[in-house]
Amino acid sequence: MANPRFSCSVAVQSLPEQTHLEQGLYAYSYTITIENTGDVLSQLVGRHWEITDARGQVQVVDGLAVVGHQPVLAPGQRFQYSSWAQIGTPQGTMRGRFLCVTEGCEVFYAEVAEFLLADSASLH
């Protein structure tokens, strides 16, 4: 029986050119690396994100594809993309999952564990 699995890792950076302190908007870029750690050819189809600021305000983002792509990954292959988010506090969190499907049409989810949206310089 097939063992579908995508593993995800994240790197975050502040995005000064999209941060507007006078408007209380803080922006962060994130780079997601998705690796097919399973044993079957599979495709990433859609995404679900929950973006939470320090006041508990939640933005939910659902949609097909990631940055216009629905990558098909063979076992061992990786796909990487970058995007960004804007929140109303200097720190927040983000978590989500990707909707994926195997070549045999089995649906599975690739979880992205909660990660911090913060300027690393402000954490010291």
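Two strands pair if DSSP finds at least two bridges between them. Strands themselves are DSSP runs of E with at least two residues, and helices are runs of H or I with at least four, numbered from the N terminus. The model shown here is predicted, so to speak for local features a pLDDT of at least 70 is needed, while side-chain atom pairs count only at pLDDT 80 or more and totals for chains, interfaces and linings use all residues. Residues are numbered from 1 along each chain as its sequence is written, and side-chain values use heavy atoms, with hydrogens and water left out.

View 1. Of the 124 residues, 34% are buried, meaning under 20% relative accessible area (1.4 Å probe, protein chains only), with exposed being over 50% and partly exposed in between. Take the contacts (heavy atoms within 4.5 Å) between residues at least 6 apart in sequence: 66% of them join residues at least 24 apart.

View 2. β2 covers residues 26–36, and nine of its eleven residues are buried. On one pairing, β1 (residues 6–14) runs antiparallel to β2, joined by nine bridges. Ten bridges link β2 with β6 (residues 78–87), again in the antiparallel sense. Look for Thr33, whose bridge partner in β6 is Gln80.

**View 3. Asn36 in β2.** Asn36 counts as buried because its relative accessibility is 1%. Phe6 stands opposite Asn36. The Asn36 side chain makes polar contacts (N or O atoms within 3.5 Å; within protein, one atom must be able to donate a hydrogen and the other to accept it, and residues adjacent in sequence count only if both atoms are side-chain atoms). One reaches the backbone oxygen of Leu73 at 2.7 Å, and another goes to the backbone oxygen of Val40 at 3.0 Å. Leaving aside neighbours within four places in sequence, Asn36 is also in contact with residues including Arg5, Leu41, Ala74 and Gln77.

**View 4. Ser29, elsewhere in β2.** Ser29 sits in strand β2. Is Ser29 buried or exposed? Ser29 counts as buried, because its relative accessibility is 16%. Not counting residues up to four places away in sequence, Ser29 touches Ala11, Val12, Gln13, Leu15, Ser83 and Trp84.
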